[in-house]
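Here are a few notes to read alongside the structure. Have it open and follow the points in order.

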Amino acid sequence: MANSAKTGKSGFLGFLKLNSDLDRLRLFSAVGFFLMVVSLAWQSDDAYHGYVMSRHLAEGAGLVYNLGERSTASTCPLFTLVIAAAYFVTREMYFTSIMVCALFSLGAYCILAYKICRSKEQLLIAFIALTGSQAFISYTTSGLENSLLFFLSALFLWELSKKESYNALSLLRLALVFSCLAMARMDSVLIFIPVILWAYLFKRDNVSFPKAVGIGILGLLPFILWELFALFYFGFPFPNPAYVKLGSGIATIEYIKRGLIYGIYTALDDLTVVIVPFIGAMLCLIQKKLRYIMIAAGIFIYYIYIVRIGGDFMMGRHFTNLLFVAVCTIIMLQNDAELDAKRLRLMRSVFNGAVVVTVFFALGFGRTVGSQYLAGHLYSSQISDEREYYFDTTGLYNNVVSLIKTGRLKIPETWNDEAPRDLRERKLCGGILDNAAGILVYYNSDLYLNDTYALGDPFLSKLPASYNPNWRVGHLRRELPGGYRTSIWSGKNEIRDKDLHKYYDIIRLITRGRLWDGERLKAILDINLGRYNYLIENYMDRKEAGK
């Protein structure tokens, strides 16, 4: 045990030293983890909504979704900026983005293996839990923000585990990582809010409360500055997809029902990613030490949040970081010398057993009966295994084979490009499609492309969604106002409703006007204070009245 503790204190590149069996197991497990991640690598279509912006930024066209219009279709600005930096160097997106995701995921695993795990048993159970989860492995390379969340969560928990109390530098590090988590995905910080508040309020080491407040604000500066930039540049503090979901008009109870179904379907497909975080959080509560109780509270808060937002349409996606945080936390707890050894042994047995049982279920029952017959894959469920759906055209293996055989990547074949081709033949600058999928937009980014889901449309996203009883989370269509489609074709405001005509003029001023224009800055202030809401309300009143 003494040798294990000593190894755990080695430098960040400690994997280069093979001084013990544990060191060798760390290296072999990290290599095995990376090989598994790369061999199963793929790309989600949704990732390409952000990649479009990354490429435009790297090529000097600005951080925009459609050229000439400052709107964001990305919910993960930090990841979008990282991809932009990588693309700027390589000028190639597909392999570059997969490698960025794989390296973030590997970095997260190495922090867990080298900085948190102190025994071979801990390392093996962590490896089994993570690689045994289909959802976790799927989202290590999906192109979404998950891999960055894993890495940042590992950094946060590593810093948290170093000491029992925190000096000014440690508090600053925690706040900086917390800030980056918020920039990676704003709602991800829900997991860490209780524990960072606990650290700042009760575990300061020779740091006064006023000084701690100043340190916290300093650490949060990256996120604060990003929000100020977003408000100034895009005209809105939140990403456009957030407004799409906020304006759904769907009752809360419907979201809760969908969220519960999401949890059940995911558990049938991948029991590990749903149950292990819950068991881990419960075991943290039993230990009766505030550090772990606060982490458990964050896990439970995020469970509630997942249910409240209706879950997702991507099987298991929102549970993956919960799994990673739970595995790290339980191992941190096992290494805590202040806790009762007998209780820790019992806890370790329960957690290890839960991991083995859930992984066995997921790999056996879950992938056959669970996913194919109970979870709706054969019955048009609105929740899908995205990797299963897209792997044929976006999987790394299939694209490498295609590149060798034909000299071309396979990913552009994901969607039929008939609609963009038709727009070009008609000499139109863009259009509103039935489905402006991310990969389709990326490979046709010279055109202005949006659809009625409005993920990248700063105008449609502010209109109420059309209700569909079989609605899908994140896929809520807007009804096109008369004249809007021709407005996109012509590049002029041809909306017929007088109030929406005025509202669209305001949106165009904010998203296309000169950045420092006084009228634009006033419009940004007014629209975020709700002073133009009456224009949409008037339109909806007339629409409901049938005028």
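1. Start with a pair of threonines: the side chains of T272 and T358 are joined by a polar contact of 3.3 Å. Keep in mind that this is a predicted model.

2. Where does T272 sit? You'll find T272 in helix 15. Is T272 buried or exposed? With a relative accessible area of 0%, T272 counts as buried, because the cut-off for that is under 20%.

3. Now look at who surrounds T272. Setting aside residues up to four places away in sequence, T272 touches A129, G132, S133, P277, L323, T358, V359 and A362.

4. Next, zoom out to the helices. Helix 14 (residues 252-269) and helix 15 (residues 271-287) have axes that come within 6 Å and cross at roughly 110°. That angle makes helix 14 roughly perpendicular to helix 15.

5. Which residues meet there? From helix 14 come G263, T266, A267 and D269, and from helix 15 come L271, V273 and V274. Sorted by class, this contact has 4 nonpolar, 2 polar and 1 charged residues.

6. Finally, have a look at the cores. The largest nonpolar core has 138 residues, and L112, F156 and L160 have the most contacts inside it. Helix 5 (residues 94-116) gives the most to this core, with 15 residues. There is also a second, separate core of 27 residues, with V244, F459, I507 and A523 among them.

7. One more stop, at F156. Leaving out neighbours within four places in sequence, F156 is in contact with L174, V177, F178, F192, V195 and I196.

Technical notes:
Residues numbered from 1 in each chain as written. Predicted model: local features only at pLDDT ≥ 70, side-chain atom pairs only at ≥ 80, totals over all residues. Heavy atoms only, no water. Axes fitted to C-alpha atoms, helices over the stretch in contact; angles between N-to-C directions. Helix = DSSP H or I, 4+ residues; strand = E, 2+ residues; numbered from the N terminus. Parallel < 35°, antiparallel > 145°, perpendicular 65-115°, else oblique. Contact = heavy atoms within 4.5 Å. Nonpolar A, V, L, I, M, F, W, Y, C, P; charged D, E, K, R; others polar. Buried < 20%, exposed > 50% of the residue type's maximum accessible area, 1.4 Å probe, protein only. Polar contact = N/O pair within 3.5 Å; in protein donor to acceptor, adjacent residues only side chain to side chain. Core = buried A, V, L, I, M, F, W, Y, C linked by side-chain atoms within 4.5 Å.
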